[in-house]
Amino acid sequence: MERHDFGFDFGNSIAKGVLFNGQGQPQYCGVPSVTAEGTLAALNDIRQASGTQGDYRLRDDDYILARSDAELYVGRLALAYSSDPQETRGDINRYWSESALNFLLTLSGSLIFDREFALNVTTGLPAQTYDAVNRRRVRDALEGDHGFWLNGVPRRASITVSKVVQEGAGGIVLYGTQEPVKQAVIDIGGRTTDIFTARGQEPVKDQCKGYPKGVEDATDLLNDLAQSTYGRVLTISERRAILQAYATRQPYPDIPVSGRSLAASEMAAWADQAVRKTGALIRTFVSKTLRSSEKGGVATDLKSVWLIGGGAHYFLRDIGEIIPFAQVRDHPEYANALSYVYFARHFSERAQVRMGA
């Protein structure tokens, strides 16, 4: 059974996984962090009811996970074909839940084609939940020998958790320096913003803090605006599609309301209002945490500041107002998962050296 080093980031909005392929290059997979009860037979019934000929053909980003007697749509299918997709955002127990294991199996199964495989996993916890008890809970929830079916194919994964790190710490490893200078990573996810500050690679504990605000708070504000204006509740996928269009400057989705479509200009104005309001709260938290002294400026004693997580696409403007030298690399939403797979490989290599000795 081949063993794979694996980085697992169970984000509130998107669950992400990274592993190295045979050429040593990272391979990525991201799945919306929602599930719903559902089967392939139910998808076929929907097609037949609509008069569409033939069976439903699963897309590359469609996942149906079966474990024990339960079958779940994972990610896009849950958003598209369920009236009540289940999220775990805001749940303090989500990182050591059955749902976390379901997403780990889905992500690894989508990147690995062997029927049976072993995983050496590194994952992370937000600052406010990062302690020895919760790290143990994560291990207990994920480790073990797990049989499952993914898109109708029987699979088996033997999982070992090599390390549970604090979210943001990996950004220092990816982008920071070994030199004894202060540097920080601001990790803005779906429901949390975590700051990890280090001198070299050593944490500066009083500047490693978390705050329960992120991108999903902006989607909630966006929904509040639609509801107060038109009495229209936006679905999870509609909220995310509007914000994604806002961030990428792509065409806005067609959102029906009372016999017409919402104007793109109105959606853009709502998105900007929601992002700016959430960004102001995050900016205040960052300012308080990274102020160099009671009378000093913000982050003036730092060599570098990196924004990672999906929120980097939305809140660089807000952070830049107080930290003009803050930087964002390509694909910041995968920074945690990418750093985790490097951690996993490091611990795997250390274990091999010890065994060889």
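These entries record what I looked up in a predicted model.

**Entry 1: the largest pocket**

I began with the open spaces. The largest pocket holds about 850 Å³ of space. I noted that 35 residues line this pocket, and that Ser13, Ile14, Gly310, Tyr314 and Glu333 are the closest to its centre. I then asked which elements each supply at least two residues of the lining. They are strands β1, β2 (14-20), β3 and β11 (182-188), together with helices α6, α7 and α9 (312-320). Helix α7 gives the most, with seven residues. By class, I recorded twelve nonpolar, 15 polar and eight charged residues in the lining of the largest pocket.

**Entry 2: the second largest pocket**

For the second largest pocket I found about 280 Å³ of space. Its lining includes Tyr130, Phe196, Pro203, Lys205, Cys208 and Phe343. Two or more residues come from each of β10 (153-166) and α5 (169-175). Helix α5 gives the most to this lining, with three residues. I counted the classes here as nine nonpolar, two polar and one charged.

I next looked for cavities. The search gave one cavity of 30 Å³ or more, and the largest cavity has about 30 Å³ of space. Which residues line the largest cavity? I listed Phe8, Phe10, Tyr95, Ala100, Thr123, Gly124 and Val138. Strands β1 (3-10) and β8 (116-125) each supply at least two residues of this lining. Five of the lining residues are nonpolar and two are polar, with no charged residues.

**Entry 3: helices α6 and α7**

I returned to two helices that contribute to the lining of the largest pocket, α6 and α7. The axes of α6 (residues 215-230) and α7 (residues 236-248) come within 9 Å and cross at roughly 110°. On the α6 side, I found Val215, Glu216, Ala218, Thr219, Asp220, Leu222 and Asn223 in the contact, and on the α7 side Arg239, Arg240, Ile242 and Leu243. The residues of this contact divide into five nonpolar, two polar and four charged.

**Entry 4: aromatic pairs**

Lastly, I searched the whole structure for aromatic pairs and found eleven. Why does the pair of Tyr28 and Tyr334 count as edge-to-face? The ring centres lie 5.0 Å apart and the ring planes stand at 65°, an angle over the 60 degrees required for that class. I also noted that this pair links distant parts of the chain, 306 residues apart. Tyr28 belongs to strand β3 (residues 26-32), whereas Tyr334 is in the loop between β18 (327-328) and α10 (335-356).

Definitions and conventions. Residues are numbered from 1 along each chain as its sequence is written. This is a predicted model: local features need pLDDT of at least 70, side-chain atom pairs count only at pLDDT 80 or more; totals for chains, interfaces and linings use all residues. Side-chain values use heavy atoms; hydrogens and water are left out. On a 1 Å grid over the protein atoms alone, a cavity is a set of points where a 1.4 Å probe fits but cannot get out, and a pocket is an open set with protein on both sides within 12 Å along at least five of seven lines; lining residues have an atom within 4 Å of a point. Grid points are joined across faces, edges and corners, and a volume is the space filled by probe spheres set on the points. Helices (H or I, at least four residues) and strands (E, at least two) are DSSP runs, numbered from the N terminus. Ala, Val, Leu, Ile, Met, Phe, Trp, Tyr, Cys and Pro count as nonpolar, Asp, Glu, Lys and Arg as charged, and the others, Gly among them, as polar. Axes are lines fitted to C-alpha atoms, for helices over the stretch in contact, and angles run from 0 to 180 degrees between N-to-C directions. Contact means heavy atoms within 4.5 Å. Rings of Phe, Tyr and Trp (its six-membered ring) pair if their centres lie within 6.5 Å; planes under 30 degrees apart count as stacked, over 60 as edge-to-face and the rest as tilted.
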